Amino acid sequence: VLNDEMFAILVLMALFTTFMTTPMRQLPAAKDSKDEFRIQACVHGPENVPSLIKLTELIRTTEKSTLKLYVMRLVELTDRSSSILMVQKTRKNGVPFINRFRQGMSHDQIVTSFEAYKQLRRVTIRHSTAISALSTMHEDIFHVAEAKRVAMIVLPFHKQWRREGEEEIARVCHGWREVNRTVLQNAPCSVAVLVDRGFGFGSDQTVAEPAATVLKRVCIIFFGGPDDRRALDLGGRMAENPGGNVTLVRFIGQASRAATSSIAERPTSDISTENGNSFSRERELDEAAVDDFMRKWGGSVEYEEKVMANVKDEVLKIGQIRDYELVVVGKGRFPSTIEAELADHQPENVGLGLIGNILASSDHGIFASVLVIQQHNVADINEAIV
């Protein structure tokens, strides 16, 4: 069909476009900056919308910084004909379909709620739908994260509570827990898992009208390490927002245990290496992060220090009291001597780390919702997830 000249041109063009697009696909996810913060928020259904909007409102600063929210609805592909027809319409060449909001068009409850919120707040929102088997769902999530260069992926926990004093809405299928675990293990950026215990409720405000005047009571738990520093960084955005009432609780080791079993002085990287320089460097980074946080927000946040004697009881107390609507904590990884003390054998919470595992448990009467943060670190991708 093609002559030699045309065939040669087409081959050269194919090679040229391949060399152009390959480096673009390998670009890392963008880091958040003062000018723009990009979040990819995954939802299973309308029940995830209120808490996600309230979280968005909490980290949306009032300065020049803009927030871009990429809302991705995750739909499990089944063998039902309706699902197959949806895939044919919304998925092409493995790329999630981007739904664009247009006036006059009919949209589902999720899109309508977020678009109503967007009209009231300075937030850019884009929608997409990923329809695939749970075993490959993470590929669609990563595709959007890399293409949009997001700084953080927010995942819903596989269980959800209605609000204070009420039972769980449902236990989402086992597969969604595995999706979360896979994303945590391989994500190209930071990841946050939101354990929702009615965080989007608790007031008479509607989903579309989050009251900026209603304070959101937030507690940031800090032990040390990259994950906790990332949680502290996100807490800074919450402290900057006048609608946030933030408390920083820092756990510090006792002098007699400082060299052996202190969580605060045994950060994540110290567990995977015996290099004393790395240990000292982590301590310096922790101190610098706390000092910087208090220098910026010390006048508007409360600060507490707790000596680590019975960490599990102290953490449970924070989650059980009615003082906080949301507890923010780094996922972290800790030495074996501390694992025995903090172990909370809840198999459904695997992947949230020791502290997140305790706070996400359904057996301890935890009242507060929990946001578990994992800082992206290429060197840690192949390590075992606690």
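**Note on helix packing and cysteines**

1. The crossing of helix 2 and helix 4 is right-handed. This is a predicted model, and the points below describe that model as it stands. The axes of helix 2, residues 49–59, and helix 4, residues 109–120, come within 11 Å and cross at roughly 25°. Because angles under 35 degrees count as roughly parallel, helix 2 and helix 4 are roughly parallel to each other.

2. On the helix 2 side, the residues that meet helix 4 are Val49, Leu52, Ile53, Thr56 and Glu57. Helix 4 contributes Ile110, Ser113, Phe114 and Tyr117. Sorted by class, the contact of helix 2 with helix 4 holds six nonpolar residues, two polar and one charged.

3. A second pair is helix 5, residues 137–148, and helix 6, residues 174–186. Their axes come within 9 Å, with a crossing angle of roughly 45°. That angle makes helix 5 oblique to helix 6. The crossing of helix 5 and helix 6 is right-handed.

4. Which residues make the contact between helix 5 and helix 6? From helix 5 they are Met137, His138, Ile141 and Phe142. From helix 6 they are Trp176, Val179, Thr182, Val183 and Asn186. Six residues of the contact of helix 5 with helix 6 are nonpolar and three are polar, while no charged residue takes part.

5. Now the cysteines. A disulfide is a covalent bond between the sulfur atoms of two cysteines. How many disulfides does a search of the whole structure find? The search finds zero. For Cys189 the reason is distance: the closest cysteine sulfur, in Cys42, is 9.6 Å from the sulfur of Cys189, which is too far for a bond. The cut-off for a disulfide is a pair of cysteine sulfur atoms within 2.5 Å.

6. Is Cys189 buried or exposed? Cys189 counts as buried because its relative accessibility is 4%, and buried means under 20% relative accessible area. Cys219 is buried too, with a relative accessible area of 0%.

7. Some totals for the protein as a whole. It has twelve helices and 14 strands. Of its 386 residues, 48% are buried. Among contacts between residues at least 6 apart in sequence, 82% join residues at least 24 apart.

Methods: Residues are numbered from 1 along each chain as its sequence is written. This is a predicted model: local features need pLDDT of at least 70, side-chain atom pairs count only at pLDDT 80 or more; totals for chains, interfaces and linings use all residues. Side-chain values use heavy atoms; hydrogens and water are left out. Buried means under 20% relative accessible area, exposed over 50%, partly exposed in between (1.4 Å probe, protein chains only). Axes are lines fitted to C-alpha atoms, for helices over the stretch in contact, and angles run from 0 to 180 degrees between N-to-C directions. Helices (H or I, at least four residues) and strands (E, at least two) are DSSP runs, numbered from the N terminus. Angles under 35 degrees count as roughly parallel, over 145 as roughly antiparallel, 65 to 115 as roughly perpendicular and the rest as oblique. A crossing is left-handed if the near helix is turned anticlockwise from the far one by less than a right angle, and right-handed if clockwise. Contact means heavy atoms within 4.5 Å. Ala, Val, Leu, Ile, Met, Phe, Trp, Tyr, Cys and Pro count as nonpolar, Asp, Glu, Lys and Arg as charged, and the others, Gly among them, as polar.
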